[in-house]
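This report describes selected residues of one protein chain and their surroundings. The sequence and structure come first.

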Amino acid sequence: MENRRRLLPVFEALFVTFLWSTSYIIIKWGLKEIPPLFYAGLRYSLAFIIFLPFVIKKNQIAELKRLTRKDFEKLFLLGFIFYFATQGTQFIGLSLLPSVTVSLMLNFTPLAVLAMGIIFLDERPGKIQIVGIVIFLAGTLIYFLPVDLNNAQLAGMGIMTLGVAANAAAAVLGREINRGHKFTPLTITFVSMGTGSFLLLLTAIIFEGFPSIGFESWIYILWLAGINTALAFTLWNKTLRELTAVESSIINNTMLIQIAVLSFLFLGESLNAKEITGLIIVIVGAVLVQKRKRK
């Protein structure tokens, strides 16, 4: 009975990673018609609206009222980094690069988080994490070498490098905010998503205007906002109550393989034996990097 109870959050977490993996495919389809920043801004603005019914409750409203100016500044900064910078660059990256390459680039986040954690949180890496870094970098070299990229792909790599830095900064800031246990994850997500998505959508309107969006593209946007964002984030947070950090990281890293398979089936993006080997090595390294020492 206990084993069955433990299996449920594992399957739920795998289901969430599958939803997140399909996001790459759906985003690619929508980018044929929707500019990247506008696409990202719409997705998270609608997800913010979907969260409203869960926030308009007595205890949640009371918690929002307790937010000080300093709290708002921190949450606004988190929204700017995670939604405006990270998601904005990810959508632009997907418009210029294959899905698997974008996913692989985002797997550099644990390494960047580790470096920032040393500087800002005084969190030192263990021996296993250092071994993980070496394995991760080896897998990355196997995947990319020899380098043969056109100008658009080089630009995409540069943009995704900024995205990885932003994603890592958001992880460090989010950890700093959450470990204080001052506010619930719902309040933190609601405020940061609201400010970040609004800024993203406003920037998109200024630089990309109002594109003409067809019925099919609206289906993509609504699905990403309702299922792959609001539902998936809620379900993922539920699984974190049962799964350890290592278990969650292992499940999360299966996305790289899932995206590769989905990209082959639905986008025609194929991988050779060298690239597949590199991806598997990267996953092993990423799992070790995210393995934290018990205190």
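The model is predicted, so local features need pLDDT of at least 70 and side-chain atom pairs count only at pLDDT 80 or more, while totals for chains, interfaces and linings use all residues. Residues are numbered from 1 along each chain as its sequence is written, and side-chain values use heavy atoms, with hydrogens and water left out.

Trp-218 lies in helix α10, residues 215-239; helices are DSSP runs (H or I, at least four residues) numbered from the N terminus. Trp-218 counts as partly exposed because its relative accessible area is 35%; buried means under 20%, exposed over 50%, and partly exposed in between (1.4 Å probe, protein chains only). Its C-alpha atom is 10.0 Å from that of Tyr-39, 179 residues apart along the chain.

Gln-258 sits in helix α12, residues 255-266, and is buried because its relative accessibility is 19%. The side chains of Gln-258 and Thr-17 are joined by a polar contact of 3.0 Å (N or O atoms within 3.5 Å; within protein, one able to donate a hydrogen and the other to accept it, with residues adjacent in sequence counting only if both atoms are side-chain atoms).

Val-102 and Tyr-39 also belong to the largest nonpolar core, which has 78 residues. Such a core is a set of buried Ala, Val, Leu, Ile, Met, Phe, Trp, Tyr and Cys residues joined through side-chain atoms within 4.5 Å. Both are among the members that touch the most others, a group including Tyr-24, Ile-27 and Leu-279.

Technical notes:
Helices (H or I, at least four residues) and strands (E, at least two) are DSSP runs, numbered from the N terminus.
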